[in-house]
Amino acid sequence: MIDPGFPYLSAILLAPVLGLLIILLLPHQNQRAVRWVSLASAGVCLVLSVFIYAAYDQPAGGLQFVERVPWVRSLGIFYYLGVDGINLPMVLLTSIVFFTGVWTMWDLTRRVKEFFALMLLMVAGVYGVFMSLDLIFLFVWYDVSLFPMYPLIAIWGSTRKEYGALKLTLYLLAGSALVLPGILYVYFKSGLHTFDLVMIAQAGLAPDVQYLGFFLFLFGFGVLAGLWPFHTWSPVGHVAAPTAVSMIHAGVLMKLGAYGVLRVGMSLCPQGLMDWSPLFALLATVGIVYGAFVGLAQTDLKYVIGYSSVSHMGLVSLGLATGSLGGVSGAVFQMFAHGVMTALFFSTVGHIYDRTHTKLVPELGGMAKLMPRASFFFILAALAGIGVPCLASFWAELLVFVNGVQRYPVLGVLAVLGLVISALFMLRVVQKTFYGEKNQRYAGAPDMSGVMVLPRAMLAGTILLFGLLPRLALDLINTGVLPLVGTFK
Amino acid sequence: MPSDLALFLPETSALLMALVLFFLSLARETHHRRTYIWALGLSLLGVVAALAGLGAQGSLFFGAYRVDLFSQVFKLILAVAVFLVVSICGELTGVEERYHPEFFLFLTTCTLGMMLMVSAMELMTLYFSLELSSFSLYLLVPLRSGVRIDVEAGVKYLFIGITASCIMLFGMSYVFGVAHSTSLDKIMDVLPLLIHQPAAAIGLLLLLSGFFFKLAVFPFHFWAPDVYQGAANQVTTYIATASKAAAVALLIRLTALTSGTSLYLMNVLIGLCVASMCLGNLVAIVQKDLKRMLAYSSVAHAGYVLMGILTMTELGYSSSIFYTVAYMVMNFAAFMVVVKVASRGQDLKIADLAGLHRRAPLLALTLMMALFSLAGIPPTVGFTGKFLVFAAAMQHGHFWLVLVGMINATVSLYYYLMVIKAAYLLEPGVQAPPIEVSVPTRLLNYALIAGLVYLGVFPQQLLGLADSAVRHILGGV
């Protein structure tokens, strides 16, 4: 079934790029074609991602579907793609969110061509980061995935969009301003004359190099992961962004940050992780608790989700900071689960906002009667966020908490408390928005149509599937995390 | 001798061009179209000549003039730059019509001076060729018609330029005093041994000042904003592209004289590099005029180029050359948009770009790509260039310098984004009709966008060329 010669990963990477080029050649007026091309390229990505997810040989483990071509020989830059237990779930996540995101934006009418072109560019960057094993390519894709955010938010966004877009772009690129010196530093200190991540990780780096290197990677990528206190761009950006961009952004892009810390920081500088892990865990816990408390005071649905994202991404960081098999696997699973969950959140809020033109909790109310379908999805996402059993996040959060409490008893307990608070505010928002008194102003607002239910149903189905069968992901993740954890001493 | 002529091919072509334009300028009646066609054709010929002369190697005029890959690469860069600049002079609205032949003539003599400069192996030849190019520019800057600010820009440029020349001559006298020769070959033999003497180090530094001035390195940058704003848009384009390339060539050639032995020189260069980057970027933030903003950003970019040069290693020099080419392409793309949008030859406020995506989508796209490239966003050539100079600095152990450079790149993103915001987010004003983009301009735009991305993604060839060019001055001399 698997053709060993076929470049599956390149195909996933090139599908959005190809879609982008086709869209650029299409005339402005032909919005239908633009949408279909986008959906087609997303569909190709989704099919291929599901396929490689299923075809990945778990007993063998390690990097598979590897493609390695020299790019700039004199500097040791390679076009090097490969997937293992860590990035394969991320690739799948990206495909799911990408596909449902395009579908969610089907009704967009303003500057359609430019929107989808930028979105495809951003997604190509995301795939590139997740699959690249060459530091330079990883960095290049990282920046490629970030800069389309500016126009995407500033043109199609809402609520202080220009401020949000600018803040987000500057924060994230300031983060990457730490990453590039980090990469160059590691490159020259390793003395191997290669940007091959795997090779440098195998050779190992001197402890002092790891110390500084991990610091740079932690804070460089940490900005994108929403690590406290560099998270302030994230709620503002989420709120300002249009629906699909929020979905991709909160669902996938923030994971790039955590993934960068894991893939680059932790695999290259395991000793550095050990040196910095107390600080890392502290910041993560502060993020969890802080996000929950600030979320409590929000009245804008998107702000609520934004701060809950800060809290949940704090959980990912805490899991990574434990450096244990369960903790890191839990963190990776949480990235996946949170990605799908937030995508569902934003997708649903987007629908409510389009119909009612408000996302303020006090103005809504009784939505469960007005929009039963949309309400169902929102509540499902909220339950997943709280960590209700049988939903994907439950297992991820459980793993992180168990290992977190074991490694950092005080911080771990605080983090659990943070989650309780976030459950409180989530339920409060659900109660006020979807139950209670019906706001007659929106009595005529239509619910989701059958076709538009489908993308949300896909996301909800994924949450349920991985909630009921967590081993579907965890076994795979463990094969990737296990060799890595062995290096943390 | 024919072989000597082959060595002198790019310069001969420029001389020919100057001669033709000189005769055209004698005519009582000038026809803009005719002058333009002549200039365009001859500058294209110049590119061909520079390409043909790329492999030439040898020495002329009793050793005062060396033709090697290093000089030929820069001559090619200059020839391409002047061709590009001429190509956007189709509507030379910023300059009075009767001066058009002179405009092209001085552009040519300036280029000729720079071409001579990159091959000069004698301090006297160097000075002479530098002044040839400088005086042409002193004439070009005030050629603008209309507004009053021109005179101020021209005078300012002249005075600061002459001061820089004096400082340079003074430096030359020190170098001569220490090395007892004006030949760069001989100086290179003895300078590494003598560089630890204050006189030699200071002499060399003062000598470099002349080129710091051209490159607008802090503290020789004061002319840049006024001249960028005050000169005609096409002249500014030329100053911002070709003139920088020649300065970089000479900075490389002259710092290579010490064989990288002077820690003192390096530290001074680090100081200038950091100051240029920080000052350029911070001041650029508050600019309202697009050309002024680009002027301050050019100060910052001078800092990035210096970062490669100050390592005085092979990788450092070749990355600087790469960066110079990158800078030329992206800066030209940005200025091309300025020239096209300011169709009456006026100055362009950033606010005037409002709604450019409606008025001329292609120009807006080119502008965005150019600015992202200037900000160092991959996959454009600006990123690859920055990456290479940072890599060179890191290889030499300048971790903090790289960090400062990256932070500066982030700062610069802010003001570039402000321009992109104006072009893409704001709606056009009432008196802002769509801009006609002719077919050649369209092609030029496509070529520039393709070039920005192609060189960014496939840097191998250009880097290889820069590498072998650098080896010629490090190993060959």
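Guide: Let us begin with His193(A), which is exposed, with 11 other C-beta atoms within 10 Å; please keep in mind that this is a predicted model.

Visitor: What makes His193(A) exposed in this description?

Guide: The cut-off for an exposed residue is 12 or fewer other C-beta atoms within 10 Å, and His193(A) has 11, so the word applies. His193(A) lies in the loop between α7 (161-190) and α8 (197-203) of chain A, and its phi is positive, about 60°, although it is not a glycine.

Visitor: Is Met312(B) buried or exposed?

Guide: Met312(B) has 23 other C-beta atoms within 10 Å, and because 20 or more are required for a buried residue, it is buried. Met312(B) also has a positive phi, near 55°, in a residue other than glycine, and its place is in the loop between α13 (290-311) and α14 (314-341) of chain B.

Visitor: Why is Leu484(A) called buried?

Guide: Leu484(A) has 20 other C-beta atoms within 10 Å, and since the cut-off is 20 or more, Leu484(A) is buried. This residue belongs to helix α20 (residues 471-485) of chain A, and, leaving aside residues up to four places away in sequence, Leu484(A) touches Met266(A) and Ser267(A).

Visitor: Why are α9(A) and α11(A) described as roughly antiparallel?

Guide: Helix α9 (residues 207-224) and helix α11 (residues 243-268) of chain A pack at an angle of about 170°, with their axes 7 Å apart; angles over 145 degrees count as roughly antiparallel, and the description therefore holds for α9(A) and α11(A). Among the residues that meet are Phe214(A), Phe217(A) and Phe221(A) in α9(A), and Leu253(A), Val261(A) and Val264(A) in α11(A). The residues of this contact between α9(A) and α11(A) divide into 12 nonpolar, 5 polar and no charged.

Visitor: What makes α16(B) and α18(B) roughly antiparallel to each other?

Guide: Helix α16 (residues 361-375) of chain B packs against α18(B) at an angle of about 170°, their axes being 9 Å apart, and because that angle is over 145 degrees, α16(B) and α18(B) are roughly antiparallel. The residues of the contact of α16(B) with α18(B) divide into 13 nonpolar, 1 polar and no charged.

Visitor: Which helix gives the most to the side of chain B that touches chain A?

Guide: In the contact between the chains, 24 residues of chain B are in contact with 22 residues of chain A, and α18(B) gives the most to the chain B side, with 12 residues. The residues of that side of chain B divide into 20 nonpolar, 3 polar and 1 charged.

Visitor: How do you know that the span of helix α9 of chain B agrees with its number of residues?

Guide: At 1.5 Å a residue, the 18 residues of helix α9 (residues 198-215) of chain B should span 26 Å, and the end C-alpha atoms are 25 Å apart, which agrees.

Terms used: Residues are numbered from 1 along each chain as its sequence is written. Chains are lettered from A and ligands numbered from 1 in the order in which they are written. This is a predicted model: local features need pLDDT of at least 70, side-chain atom pairs count only at pLDDT 80 or more; totals for chains, interfaces and linings use all residues. Axes are lines fitted to C-alpha atoms, for helices over the stretch in contact, and angles run from 0 to 180 degrees between N-to-C directions. Helices (H or I, at least four residues) and strands (E, at least two) are DSSP runs, numbered from the N terminus. Angles under 35 degrees count as roughly parallel, over 145 as roughly antiparallel, 65 to 115 as roughly perpendicular and the rest as oblique. Two residues are in contact if their C-beta atoms, placed from the backbone, lie within 7 Å. Ala, Val, Leu, Ile, Met, Phe, Trp, Tyr, Cys and Pro count as nonpolar, Asp, Glu, Lys and Arg as charged, and the others, Gly among them, as polar. The expected span of a helix is 1.5 Å times one less than its number of residues.
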